Amino acid sequence: MIRLVVDFFLPIIAFIINSTIFEHIKLHSVKPDLFIIIIVCMSVLRNDIEGALLGFMCGIMQDMFFGKSLGFFALLYMLTGYFCGKPFKYIYRENYFVPMILCFCATFFFDGCYFLLKFLRPAEIFYALSSIVFPQAVYNTVLILVFYPLMYFLNKKIENHEIRRRNFF
Amino acid sequence: MRFLRRNKKLILLIFIITCIVLIFASSFLSFGFISDTFEFIVIPIEKFCNSSINWVGSKFYLVTNIFEIENENIQLKEKIEQYNLNEQRFKMIEAENKKLTNLINISQNYPNYEMTGAKVIAKDTSKLFNIFIIDKGLNDGLKNNMVVLDSNGVVGKITECRNNFSKVSSIIDDKSSLSIKNFRTDDLGFAKGDLKLKQDGLCQIEFLDAAAQIIEGDEIVTSNLSEIFPPGLLVGHVQKIESNSNTITAILEPVADLKHLENVLVITKVFDVQENFSMEE
């Protein structure tokens, strides 16, 4: 139950941080995407289906305040969360390297799908991928080093809570 | 949770179908009520966050650039004296203009508009659109398609108005298109957002007439053909001209400081086409 509560409130907090504080840490008009960061962290720490759930909530938040049609970002963030949670069974959670690589790929996956669905001219897509998405992917990957320990700590708290309630596995 | 883990594929499929249905449904239904429920949580916290960050940022700037600010202060005082002198002249010219327009019986082109101030509380997190949220909405008398200004010039228009906040899409947004004219020569054209130029806060203008005469530094204002914007508002200056054989395009530098927006002004009047027609009759 506590997991669902976290899934509900984490996107709201992330949205507020993303649209206020992150506006001030831009580097050369490149802004990191906190949604992708927390989705990758949580998918790695939990599993694919819970990553998808968190992604869905994040996408709904984004759609409500900045989107033009409800459900578009929700679908993309949900698929990102689902695919990032796929290697859940095969990795050690304490390793920082896997979430970093996953975050880099997830940014490219998310933005690639986004630009493909938005406009279909190849020149513009190439420009967007090379000079908007790539710097952002690097920035996100660096920020994983800050946010992954936080998420790890949060996840540990949740799991301790669940062990006490005998609702684990 | 156990149920979730056993029926993974089914749940994912349900979510995907829900998303696709929502995307198609939102083209003819409005889901504003969902954001109305969230605005009670999100908007006050965002207001607080933004104001506190701006306060810290301004104090930091003050401490680090104190000598520059002193110089700037001296320059600004000189400018104020100049403006005071100009204001006297302006008042005389305005009075004269009123008399003359009354004489030849034409309506005033550039009337004073009533405005209210608003604060920018959140900026877009996606890459393609250039949308931000201001802290006033339907409760403060704002409506859709109202024009948003900076202290310098046009910023954009309100695209969606909810109870306590409204979305503003700026003129450098990819989807936006604005009817403009060259102030010096009255050549008509369009200002359009462009993905590449948006990164530097610029946009593109395209003139209807291939023989349009423009030079760098020309003032671009909103034209009287525009449906949403009132005529004669300053949009920007021409930065660079790129002419082909059959069209003239140029790069426009907006006068509004779109990168560092904090406070904006909203004209509390909707300039709809139908309203204008009824006024003319």
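Me: How many salt bridges are there between chain B and chain A?
Reply: The count there is 0 salt bridges, where a salt bridge is a side-chain nitrogen of Lys or Arg within 4 Å of a carboxyl oxygen of Asp or Glu. Bear in mind that this is a predicted model: local features need pLDDT of at least 70, side-chain atom pairs count only at pLDDT 80 or more, and totals for chains, interfaces and linings use all residues. Side-chain values use heavy atoms, without hydrogens and water, residues are numbered from 1 along each chain as its sequence is written, and chains are lettered from A and ligands numbered from 1 in the order in which they are written.

Me: Which parts of chain B touch chain A?
Reply: Helix 1 (2–6), helix 2 (8–25), helix 3 (32–64), strand 1 (115–123), strand 2 and helix 5 (195–198) of chain B each supply at least two residues. Helix 3 of chain B gives the largest share, 12 residues. Helices (H or I, at least four residues) and strands (E, at least two) are DSSP runs, numbered from the N terminus.

Me: What's that side of chain B made of, by class?
Reply: It has 28 nonpolar, 7 polar and 12 charged residues. Here Ala, Val, Leu, Ile, Met, Phe, Trp, Tyr, Cys and Pro count as nonpolar, Asp, Glu, Lys and Arg as charged, and the others, Gly among them, as polar.

Me: And how much area do chain B and chain A bury between them?
Reply: About 4,700 Å², 72% of it on carbon and sulfur atoms. Buried area is the accessible area (1.4 Å probe) that two parts lose on being put together, summed over both. The contact takes 47 residues from chain B and 52 residues from chain A, with contact meaning heavy atoms within 4.5 Å.

Me: Back to salt bridges: how many over all chains?
Reply: The structure holds 6. One of them joins the side chains of A:Lys86 and A:Asp48, at 3.5 Å from N to O. A:Lys86 lies in the loop between helix 4 (72–84) and helix 5 (97–118) of chain A and A:Asp48 in helix 3 (residues 48–66) of chain A, so the pair ties together parts that are 38 residues apart in sequence.

Me: Where do helix 1 and helix 2 of chain A cross, and at what angle?
Reply: The axes of helix 1 (residues 2–20) and helix 2 (residues 34–45) of chain A come within 9 Å and cross at roughly 145°. Axes are lines fitted to C-alpha atoms, for helices over the stretch in contact, and angles run from 0 to 180 degrees between N-to-C directions. Residues making the contact include A:Phe15 of helix 1 and A:Phe35 of helix 2 of chain A. By class, this contact has 9 nonpolar, 1 polar and no charged residues.

Me: New topic: what do the strands of chain B close into?
Reply: 6 strands close into a barrel in the order 1-2-5-4-3-12, with antiparallel pairing. Two strands pair if DSSP finds at least two bridges between them. Strand 2 (residues 131–134) and strand 5 (residues 166–170) of chain B are joined by 4 bridges, and B:Ile134 stands opposite B:Ser166.

Me: What about the strands in the order 6-7-8-11-10-9?
Reply: Those 6 strands of chain B form a closed barrel, with antiparallel pairing. The twist averages 40° from one strand to the next. In chain B, 7 bridges join strand 10 to strand 11 (residues 248–254), where B:Ile241 stands opposite B:Ala250.
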